[in-house]
Amino acid sequence: MALTTLAAVNAALPGQVVPITKSTTGGGAGNWYGLWALAGSPVGALPSSGLSGNVPTSATAGGVPFVNPTAPALTYLARVTGSGIGATSAQSTYFSIYDRLWQNSGLSSTLITAQTVNSVALTRPDALGAGVEAWWQVYAAMGAGTPTVTLSYTDQDGTAGNSASSGALGSAMAIRLAGQFTLAAGDTGVRSIQSWTASATFTSGTIGLVLRRHVAAFALLNVSLVTQLDAVALGLPRVYDSACLEVMMNPATGFNVGPNLALSLVQG
Amino acid sequence: MAITTLDGLIAAFGVEGWSVLKAGFTPQAVGSFTSLWTTAGVPGAGGNSASGVAGDVPTSATAGAFPFTNPTAPALSYLARLAANATTAGQLLVYDRLWQQSGLSATLTSAQTVNSVALTRPDALGADAEAWWQIYTVMGAGATGPTIVYTDQDGTATQTATLPGFAATAAAGRTIPFALAAGDTGVRSIQSYTNGATLTSGTFGLIIRRFVAATWVSIVGCGVTLDAIQLGLPRVYDSACLELLWMANAASATTVSGNIALAQG
């Protein structure tokens, strides 16, 4: 069964209301920041699973905990309510909710030869990788290098040996900064990653790879205003069983904010 | 079947969605349109047309477009969500890039034959199809805008369109819509192109586009998400070549990020 009518969505609300609160942080306009390990609730640990990585779930520290439905019921994000913490002016910050499908650690920040990744298989909703995005993620500030990183990956159709590019990365990238790789033309997802090659040394820092699937996006206004998106505004996105929901932020320059969210997960 | 009820829309949610990231482009002027077709990011950069004066019909499989899977008939595709945030204020527009071409001279002042190949989405008739001037590399100092001779949506030939927004030394990526003859609502085909005066240098092409949707960023960091109802549930035809345009409110380096999603049913 699935939620296919407005009446069914209404009957399923409010569902499981799960909070996300992160401390105030800022960054450069137009840049994405992963709030996985930022103080607040929930707080994730830095990945330590090595190059081939692991599949975090809703039970992983940092993932938003929720209870899976009883089959055949499914889970959807039906409402987001929130405001910005620490906002000091009539600005707002843009946030996205992602399902953190896979993460790794152990990449050298100085090697300029290919580093084998051979990511473990995805699980949500399957191992195929449709709609899956590949991201780099800074865990400790990087050095002065400005390499372009190329991934060798297998796409959503199982075609191996495709190349994805980060574009030229900036010098001294800050903690939490993240960016999406551009996939080969025509590709719509990443099934697995085989290798990482940096064109130059970063000189220092800690960086990892994350595979994510987009769930929702919205702006939060300043601290005195509450934003609410309903099921239609969100597009009633599916949240797969054991999804590891995390928050990404795209701030305005010089504007420090943290999200204070309540997600309504409905099941039916 | 089509999506004709709110329940039908809810049942169709979640088919396909993509992140959007177009980084570091600089609009030439406030109020100008910039095509993000060749801007690096997600989706990856497309290439300027090299198909010659008669042009070609790009699709969702063309580099630069959002790749999506057509639904199984009789289901149709609709734009169900459009979210955008940016580092400058402006408007993000989604178009279906119906036809593109290359090979026109910037210096000839006589009519240059185009005879565009037939449109395909949703048919060859051209209802609501817009003609645009697209800069591939920066233009010279020519002071007079071009004209095109076209066939309108009803099949009336030898109509003339002008370019009232023409700007000399237009920058790469800038794109300007032609003004059609009074009463016309679309372009079925383009027969010829004529420079009003020599443009002295530069490369450019003609594009035929159909508007799909638009959202905006009023304040930096204040992204806007429009849902299916706010968008008017616009139809996305099979194999549509979805392209992003930016209407600038600042002539400074801009990065756009966001999300776009389809519903099929």
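Biologist: Which strand pairs with strand E2 of chain A over two bridges, and in which sense?
Modeller: One partner is strand E15 of chain A, residues 245-250. Strand E2 covers residues 32-34. The two run in the antiparallel sense. Keep in mind that this is a predicted model.

Biologist: What is the bridge partner of A:Tyr33 in E15(A)?
Modeller: A:Met249 is the partner there.

Biologist: What holds paired strands together in general?
Modeller: Backbone hydrogen bonds do that, in parallel or antiparallel pairing.

Biologist: How many strands close into the barrel of chain A, and in what order?
Modeller: Six strands. The order is E2-E10-E7-E12-E5-E15, with antiparallel pairing. Ignoring direction, neighbouring strands in this sheet are turned by 45 degrees against each other on average.

Biologist: How many helices and strands does chain A have?
Modeller: Two helices and 16 strands.

Biologist: What radius of gyration does chain A have, and what would a compact globule have?
Modeller: Chain A has 18 Å. A compact globule with 268 residues would be near 18 Å, so the two agree. Along the principal axes, the C-alpha trace of chain A spans about 55 × 45 × 30 Å.

Biologist: What share of the residues in chain A is buried?
Modeller: Buried residues make up 51% of the 268. Look at the contacts in chain A too. Take those with a separation of 6 or more: 82% of them join residues 24 or more positions apart.

Biologist: Let's switch to the backbone. Is the peptide bond from A:Leu13 to A:Pro14 cis or trans?
Modeller: That bond is cis, with omega near 5 degrees. A:Pro14 sits in the loop between H1 and strand E1 (16-22) of chain A.

Biologist: And what is omega for the bond from A:Ala71 to A:Pro72?
Modeller: Omega is near 10 degrees, and this peptide bond is cis. To find A:Pro72, go to the loop between strand E3 (40-41) and strand E4 (75-85) of chain A.

Biologist: What is phi of A:Arg176?
Modeller: Phi is near 80 degrees. That is a positive value in a residue other than glycine. A:Arg176 lies in the loop between strand E9 (162-168) and strand E10 (177-180) of chain A.

Biologist: Is A:Arg176 buried or exposed?
Modeller: Buried. A:Arg176 has 22 other C-beta atoms within 10 Å, and 20 or more count as buried.

Biologist: On to chain B. Where does B:Asn115 lie?
Modeller: In the loop between strand E6 (112-113) and strand E7 (130-137) of chain B. Phi of B:Asn115 is positive, near 45 degrees, and the residue is not glycine.

Biologist: Why does B:Asn115 count as exposed?
Modeller: Because B:Asn115 has 11 C-beta neighbours inside 10 Å. The cut-off for exposed is 12 or fewer.

Biologist: In what order does the closed barrel of chain B run?
Modeller: E2-E10-E7-E12-E5-E15. There are six strands, with antiparallel pairing. On average, neighbours in this sheet are turned by 45 degrees against each other, direction ignored.

Biologist: Which residues of chain B make up strand E2 and strand E10?
Modeller: Strand E2 covers residues 33-35, and strand E10 covers residues 174-177. They pair in the antiparallel sense over two bridges. Within that region, B:Thr34 stands opposite B:Arg174 in E10(B).

Biologist: How many helices and strands are there in chain B?
Modeller: Two helices and 16 strands. The radius of gyration of chain B is 18 Å, close to the 18 Å from the globule rule for 265 residues, so chain B is as compact as a globular protein of that length. The C-alpha trace of chain B spans about 55 × 40 × 30 Å along its principal axes. Buried residues account for 51% of the 265 in chain B.

Biologist: Last topic. How many residues of chain A are in contact with chain B?
Modeller: 35 residues of chain A, facing 37 residues of chain B. On the chain A side, the elements giving two or more residues are helix H1 (6-12), strand E5 (93-103), strand E12 (206-220) and helix H2 (231-234). E12(A) gives the most, with four residues.

Biologist: And how do the residues on that side of chain A divide by type?
Modeller: Into 18 nonpolar, 15 polar and two charged.

Note on methods
Residues numbered from 1 in each chain as written. Chains lettered and ligands numbered in written order. Predicted model: local features only at pLDDT ≥ 70, side-chain atom pairs only at ≥ 80, totals over all residues. Contact = placed C-beta atoms within 7 Å. Nonpolar A, V, L, I, M, F, W, Y, C, P; charged D, E, K, R; others polar. Rg over C-alpha atoms; globule rule 2.2 N^0.38 Å. Pairing = 2+ DSSP bridges. Axes fitted to C-alpha atoms, helices over the stretch in contact; angles between N-to-C directions.
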